[in-house]
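Subject: Structure handover

Hello,

My notes on what turned up follow below it.

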Amino acid sequence: MKRVGLFITCVNDALYPETPKAVVQILERLGYEVDFPAAQTCCGQMHANSGYQEDARTLARSFEEVFGGYDAVVTPSGSCAAMVRDQYPHLTGSGLGARVHELSEFLLDVAGVEDVGARFPHRVTYHPTCHGTRALGLGDKPVRLLRAVRDIELVELPAADQCCGFGGTFALKNSEVSSAMLADKCRNAAATGAEYLAAADNSCLTHIGGGLTRAGGPRPVHYAEILASAA
Amino acid sequence: MSGSGEGGAREEILARMRRALSDAGEAPEAPREYRRALDPQTDVVAMLIDRLLDYKANVHHGVEAIAEALDGEARVVVPADLPREWRIGGAEFIPDGPFATDAYLSTEDLDGMDAVLTGCAAAVAVSGTIMLDAGAAQGRRAITLVPDRHVVVLKREQIVGHLAEALPRLDPRAPQTWISGPSATSDIELQRVEGVHGPRRLDVVLLED
Amino acid sequence: MSARKRGTAVPTSAAPASAVVPAASLIPADAPFPKAAKVALGMPQLRKNLAHATGTIRAKRAKVAGELDDWEHLRDSAAAIKADVQHRLPELAIEFERNAIAAGATVHWARDGAEANRIAVRIVREAGAEEVVKVKSMATQEIELNEYFEAQGLRAFETDLAELIVQLAEDRPSHILVPAIHYNRTEIRDIFDQRMGDAPAGLTDDPAALAEAARLHLRRRFLSAKVAVSGANFAVAETGSLVVVESEGNGRMCLTMPETLISIVGIEKLLPRFEDLEVFMQLLPRSSTGERMNPYTSVWTGSREGDGPRDVHVILLDNGRTRVLEDEVGRQALSCIRCSACLNVCPVYERTGGHAYGHVYPGPIGAILAPQLEPGRHDDLPYASSLCGACYEVCPVKIDIPEVLVHLRQQGPHAAGEQAAMGAAKAVMARPRLWRTALRAARLGSLPWRRKGFVRRLPWPGSRWTVSRDLPVPPKEDFRSWWKERQR
């Protein structure tokens, strides 16, 4: 199996082209044939988590139509992978989740690669996003990949396991609480003195980065982009 | 006696439960893969002592140490069936209980006691827990509660490693008190402070043989 | 360990006390969560106290839970035992009743809080008493027993230290386990000094001194009380026994000294067998106070001649629980053993405290329990979570709180504007071509901000985002064009 489907996620589709580009580069370097089905849109997570189950079901069905034919689907998002794996069985009865892999899962568990041959001579701290860590159980997989990057200086993020306060519509509905959580995350990120704050989800990075451009601190970056940086 | 007749509350609640569960089916049997004992090479006595000290309880060894554990307290209440050989030292031992001529002490009398000396039913090493179940040498619950110092005599064979080993040793229908250290509170800033309403001092006398 | 025993830190404040302002008087109980939370967020001392206390207890819990290599097996068993209890609730309730009666207890059933309160008051009057001492109990808070007693001319004295603090301050509890978690030692000293009546002169803010003051204050009352009111942590069907887990000995005092004991017990507290305590009594203390075992656990079965209360009553309480039972996803909330581990790890609770939730059950468990116990109220609580999942991770009975939160969100109601926005988003996302058009439109529409790279300020409702975060703008070239280019 050397052909994989790429699910870039709606957030990256709209805002962050560099992340899926990085995923393509990493996978191709490892000899995979990457396929980007253009009919993809959104996994339905926002609708599902906001209480719009029927809408989420519609989007889940579209997702299954687009990606059902692949033996493996790779996505640079812990929360979208968790959505497909945890919620689709309830929404549509789909078992597709077993074939949808967050990037680090795919690299370590399927491709069996820890060192992707990257070099990134910068000080980096890592925020383990909640859905990736808890719902998907990524553990330290992204960090293991980052540790193998040449010349990187990884520094611990204080209170790393604390949510950044994004939570999808939570950031709007409970804007004040979300902002208080974000303020703590930004303070901890700044305290590391890192140049970059990496994570496995650009939605969370949108939130943290949106705070960091005001408060000052490391630049947000999806860890895939670090892994894609040439040696 | 049941006071359940009030306006049919009992029947209505049971009916609500049954209605709520009408298509619930049966729950699968609970898995029980947790430990029921510690590793056999564990030194349960050492572990128990470690836990007791961690709780700020005092630990003494041998029957003659009972006097030392009582630490000069003058008036010591004991269950009426407390072994004679444990009543040593200079204290006055005042029995409480339904045996022979001994009557229950009044609350006021109990409040005037300096300490209480009892045995126990079991002890759990991993959590440092002493268990009373109103059995031999333990007396009623009030006597181990009102005095400010509790001295417990614990025999080696009463010590088990794990909670699951201790429960079968208790009389499940008897009034039980499980004691893990002296009374304490963490209600102020989550900082543990020993000594509130229960005995503020707990002494355990270990009889090794 | 107390500061006094360590011989460190001479207490700082024998200074004149500032007047006690109960937190509950500042944080509106019936306001929507976001509004109440905003008030709480603006109270720096409250936030400091909460962060300190939750941080302390989180570390303790993690340490003692980590000591057990079979922790996950225990959680699996506990979750399954509780699920079994829910499925067999009628049978277990009847079994409990039969065994408790056989052991000399009187068993009452109460459809709701008002009925439970009426039964309790009748028992107190029959005992010829005008006051009761109380063991900390969530069920009695839920049914507002103290308030009802007061209205009936009876007095209920809380004896748990934290409950005493809250009662003296005329405040409301803000935490399931540590109701006064929002106060620091200095504030507690001030409350005792001003409201206790018999606080020792020169009382300091050393926790040991404060505990001593509470001991002296309550001692007479314990020894003379005729009636006590308690809840229960567990009710064992097989034996008809009740279990109360506590630390201070106030529970033992209440359960042992009075002639009459009234225990108000939610029907979900049942356990099938005495042996099941080997699971729950490992999980509960480690999850709640972060101890290997709590100082005192009392187990009693009916009454026993010459040992403890002679007149023992159990009031089995429904109060919405059978309605929760109807919902096959939501009913797992009935597995809760009130350890409050979920509160302590919740990033929302840590910042707002319990009052903002407007219900006796705050935090993540409250966010799924309150709206189910009182349908139509607290509809905003399922949204008081970022779905970070920290609660599920620590829950000793494996309640999938995020799952239930999402489930409850599905039941609405949803605001019209939000429905329209979600509907539109779905309509676009369900049609790939429309989605691509929308992305293109967004790229064009954001042209004015392209150079800067982000938007700093948006009108409402976008202002809810930009109040604290910049919003990135779509890139000049998206992934799709790059991909198309490459394919050629």
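Of the 488 residues in chain C, 59% are buried (20 or more other C-beta atoms within 10 Å of the residue's own, with C-beta atoms placed from the backbone).

Before the rest, some ground rules. This is a predicted model: local features need pLDDT of at least 70, side-chain atom pairs count only at pLDDT 80 or more, and totals for chains, interfaces and linings use all residues. Residues are numbered from 1 along each chain as its sequence is written, while chains are lettered from A and ligands numbered from 1 in the order in which they are written.

Chain C overall. It has 24 helices and 12 strands (DSSP runs numbered from the N terminus: H or I of at least four residues for helices, E of at least two for strands). Its C-alpha trace spans about 90 × 60 × 45 Å along the principal axes. Take the contacts in chain C between residues at least 6 apart in sequence: 74% of them join residues at least 24 apart. A contact means C-beta atoms, placed from the backbone, within 7 Å.

One helix pair in chain C. Helix 11 (residues 185-195) and helix 12 (residues 207-224) of chain C pack at about 30 degrees, with axes 10 Å apart. Axes are lines fitted to C-alpha atoms, for helices over the stretch in contact, and angles run from 0 to 180 degrees between N-to-C directions. The two helices of chain C are therefore roughly parallel (angles under 35 degrees). From helix 11 of chain C, C:Arg185, C:Ile188, C:Arg189 and C:Phe192 meet C:Pro207, C:Leu210 and C:Ala213 of helix 12. By class, that contact has five nonpolar, no polar and two charged residues. Nonpolar covers Ala, Val, Leu, Ile, Met, Phe, Trp, Tyr, Cys and Pro; charged covers Asp, Glu, Lys and Arg; the others, Gly among them, are polar.

Between chains. Two pairs of chains are in contact, and chains B and C share the most contacts. Chains A and B do not touch; their nearest C-alpha atoms are 18 Å apart. Chain C puts 47 residues against 52 of chain A.

Chain A. It splits into domain 1 (3-110) and domain 2 (123-228), with bounds from an automatic or database domain assignment. Their centres, over C-alpha atoms, are 21 Å apart. In chain A, 26 residues of domain 1 contact 21 of domain 2. The domain 1 side has 12 nonpolar, nine polar and five charged residues.

Best wishes

Definitions and conventions: Buried ≥ 20, exposed ≤ 12 C-beta atoms within 10 Å, placed from the backbone. Parallel < 35°, antiparallel > 145°, perpendicular 65-115°, else oblique.
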